[in-house]
Amino acid sequence: MAIKVVFAFDPQTDMQGSSSPTKVQVAGEFSDWKPVDLSNSGDTYKVEIALEPGKSYSYKYIVDDQWVLAESQRESR
């Protein structure tokens, strides 16, 4: 049974204070590296994705068409 995982990106923390992006996406093994849009929720961008428990997934954020690794998530489980 899949569990819902929230991917959250905070530009102030994850991009060391750079300006607000116009588009944030996440892509990873769970989406065959196809970008999934995050919704702007105040200062943070978020999306909820159903994942299989007990598996590890590689992923990266795409911010205004640039692939980035969020500073707050250099290592994730």
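Analyst: From the N terminus on, the elements run β-α-β-β-β-β-β-β. The model is a predicted one, in which local features need pLDDT of at least 70 and side-chain atom pairs count only at pLDDT 80 or more, while totals for chains, interfaces and linings use all residues. Residues are numbered from 1 along each chain as its sequence is written, and side-chain values use heavy atoms, with hydrogens and water left out.

User: What makes a stretch of residues a helix or a strand, and how many of each does the protein have?

Analyst: Both are DSSP runs numbered from the N terminus: a helix is a run of H or I with at least four residues, and a strand a run of E with at least two. On this basis the protein has 1 helix and 7 strands.

User: Why is strand 3 said to stand at an edge?

Analyst: An open sheet is formed by 4 strands in the order 3-2-6-7, with antiparallel pairing. Strand 3 (36-37) and strand 7 (66-68) each have a single partner strand, so one side of each has no neighbour in the sheet.

User: What makes strand 6 and strand 7 a pair?

Analyst: Two strands pair if DSSP finds at least two bridges between them. In strand 7, V68 is the bridge partner of Y61.

User: Why is Q25 called buried?

Analyst: Buried means under 20% relative accessible area, exposed means over 50%, and partly exposed lies in between (1.4 Å probe, protein chains only). Q25, found in strand 2 (residues 24-28), has a relative accessible area of 10%, so Q25 counts as buried. Of the 77 residues of the protein, 32% count as buried.

User: Why are F7 and F30 called a tilted aromatic pair?

Analyst: Rings of Phe, Tyr and Trp (its six-membered ring) pair if their centres lie within 6.5 Å; planes under 30 degrees apart count as stacked, over 60 as edge-to-face and the rest as tilted. A search of the whole structure finds 6 such pairs. F7 and F30 stand 5.1 Å centre to centre with 35° between the planes, so the pair is tilted. F7 lies in strand 1 (residues 3-9) and F30 in the loop between strand 2 and strand 3, so the pair ties together parts 23 residues apart in sequence. Both F7 and F30 are buried.

User: What makes a set of residues a nonpolar core, and which have the most contacts inside the largest one?

Analyst: A nonpolar core is a set of buried Ala, Val, Leu, Ile, Met, Phe, Trp, Tyr and Cys residues joined through side-chain atoms within 4.5 Å. The largest has 15 residues, and those with the most contacts inside it are F7, F9, V26, F30, L38 and Y61. Its largest share, 4 residues, comes from strand 5.
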